[in-house]
Amino acid sequence: MLSYGTDPQNTVAGLTVAFADGVLSLTLDRPDSLNSLTTPILIGIADTLETVADNKNVRLVRLRGAGHAFTSGVAISVDDFWGTGAATEVVEAARRVVRTIATTPCPVVAVVRGPAVGVGVSLALACDLVLAAEDAFFMLAHTKIGLMPDGGASALIAAAIGRMRAMRMALLPERLPAADALAWGLISAVYQAEDFEAEVDKVISRLLAGPPLAFNKTKVAINAATLTELDSAFMRESHGQKVLLQSNDFAEGAAAFHQRRTPAFTGS
């Protein structure tokens, strides 16, 4: 349970939680792996946000990564992590986090440096503002290992940038630099590295000085108008991912990833 003190709390390995001056800060804190995500981290984010949903002292949530990355996506271990049960758990945990971020009453701001990969794209886009440094990039890497985007990505991305650009991101796992992401309408702002922290602080200060009730009603209205397919996307992604996780293509893609070679997909 968050005590609303000013000291960081590490109740979940790889997630630092702190509260000060109305800002709840959630930091993905595994810099040695570019803040790769685990199921406990995803659950920890959702649990924390759910405990503060009705707390008016929390005026804003900031989600960021430690060091020079937002997140490299879900940690992949063919032998240990991607067992049938574990894979299903992480897909469901990602779904829960995205829904919780989208329904958190106060503004949620993603602060993105470096890579936002895989489900990290979904985490960022579930937020109300995405503030990126110029070195940030966004990438859906799922098809590289024979999987599909999840965490609501099929709805979140299409709602932001349209079908054709969403298809390009999903089918061609390319890096989308922050400047292009801004031009496409995927994110809110891009700042030069030397100005990044100061500019983020300015945005946060403006939000803290704003009207909480009006912000909440605005967030609810815009999400209701634009994320009408989010729940349906969760169901389709969950079903599709379960099928793909049992496929030969996923086994080949995961093995190729660890062996640092090009996969030979067969469509089976």
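Let's start in the loop between strand S3 (23–28) and helix H1 (39–51), where Ser-36 lies; helices (H or I, at least four residues) and strands (E, at least two) are DSSP runs, numbered from the N terminus. This is a predicted model, in which local features need pLDDT of at least 70 and side-chain atom pairs count only at pLDDT 80 or more, while totals for chains, interfaces and linings use all residues. Residues are numbered from 1 along each chain as its sequence is written, and side-chain values use heavy atoms, with hydrogens and water left out.

Is Ser-36 buried or exposed? Ser-36 has a relative accessible area of 7% and is buried (buried is under 20%, exposed over 50%, partly exposed in between, with a 1.4 Å probe and protein chains only). Its side chain makes a polar contact with the side chain of Arg-30, at 2.9 Å; such a contact is a pair of N or O atoms within 3.5 Å, and within protein one must be able to donate a hydrogen and the other to accept it, with residues adjacent in sequence counting only if both atoms are side-chain atoms. Beyond its neighbours within four places in sequence, Ser-36 is in contact (heavy atoms within 4.5 Å) with residues including Thr-71, Ser-72 and Gly-73.

## Nonpolar cores

The largest nonpolar core has 60 residues, and Val-112, Phe-138, Ile-157 and Leu-186 touch the most other members. Such a core is a set of buried Ala, Val, Leu, Ile, Met, Phe, Trp, Tyr and Cys residues joined through side-chain atoms within 4.5 Å. H2 gives the largest share of this core, seven residues. Apart from it lies another core of 13 residues, among them Val-23, Val-109, Leu-131 and Val-200.

Leaving aside neighbours within four places in sequence, the contacts of Val-112 include Phe-70, Phe-138 and Phe-196.

## The largest cavity

The largest cavity has a volume of about 40 Å³. On a 1 Å grid over the protein atoms alone, a cavity is a set of points where a 1.4 Å probe fits but cannot get out, and lining residues have an atom within 4 Å of a point. Grid points are joined across faces, edges and corners, and a volume is the space filled by probe spheres set on the points.

Among the lining residues are Val-91, Arg-95, Asp-150 and Phe-234. Helix H9 (230–245) gives the most to this lining, with three residues.

Methods: On a 1 Å grid over the protein atoms alone, a cavity is a set of points where a 1.4 Å probe fits but cannot get out, and a pocket is an open set with protein on both sides within 12 Å along at least five of seven lines; lining residues have an atom within 4 Å of a point.
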